[in-house]
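User: Hey, can you walk me through this one? I'd like to start with the charged side chains.
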Amino acid sequence: MAGKSLNRVQLIGNLGKDPEIKYTPQGTPVAKLAIATNERYKDKAGEWQDRTEWHNVVLWQRLAEIAGEYLKKGGKVYIEGRLQTRSWDDKQTGQKKYMTEVVASDLILLGGRGEGAGGGDSTGSSRAASAGGNNFDQRTPEPEHAAASGPITDEDIPF
């Protein structure tokens, strides 16, 4: 198996806060999430203990938009992606800092209505792919003749 590697993360957890949506100078949407996963184990004394692990997740483009529209604090979500570590120099100390994040390539809303996942259903069928070509937009399509009202501009293009 020389030369092959795998960088894949799968998480099912709850959002610690509402997604934070920003835009790059080129207008590309990016969302940041904090997802909590829980582990239950018995300690040496035989008592049950709970441990929460927090995961920083970054979503780009259409996935970021979907997160902003449908995800809410406390909502349950499935995230699939890869680990990526970035570094920067701390402005105050001058030290090099590192952060490892999950860069999401897929998300599935798992919570039902009223559970912090917007309009998703309890089966998790509200699925989004990073390619964005899965008709997640629930708005009513415009009639065919609407395009005849004028020339198409860059603002009319959905990507």
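Analyst: A salt bridge is a side-chain nitrogen of Lys or Arg within 4 Å of a carboxyl oxygen of Asp or Glu. This is a predicted model, where local features need pLDDT of at least 70, side-chain atom pairs count only at pLDDT 80 or more, and totals for chains, interfaces and linings use all residues. Residues are numbered from 1 along each chain as its sequence is written, and side-chain values use heavy atoms, leaving out hydrogens and water.
User: OK, how many salt bridges does the structure hold?
Analyst: Eight. One of them joins Glu 80 and Arg 8, at 3.4 Å from N to O.
User: Which parts does that pair tie together?
Analyst: Glu 80 sits in strand β5 (residues 76–89) and Arg 8 in the segment before β1 (9–15), so the pair ties together parts 72 residues apart in sequence. Strands (E, at least two residues) are DSSP runs, as are helices (H or I, at least four), numbered from the N terminus.
User: Is Glu 80 buried or exposed?
Analyst: Buried, with a relative accessible area of 18%. Buried means under 20%, exposed over 50%, and partly exposed in between (1.4 Å probe, protein chains only).
User: Which residues are linked in a network?
Analyst: Arg 62, Glu 65 and Glu 69, through salt bridges.
User: New topic: what does Ile 21 touch?
Analyst: Not counting residues up to four places away in sequence, Ile 21 touches Val 30, Ala 31, Ala 64 and Gly 68. Contact means heavy atoms within 4.5 Å.
User: And which strand is Ile 21 in?
Analyst: Strand β2, residues 20–23. Ile 21 is partly exposed, at 30% relative accessible area.
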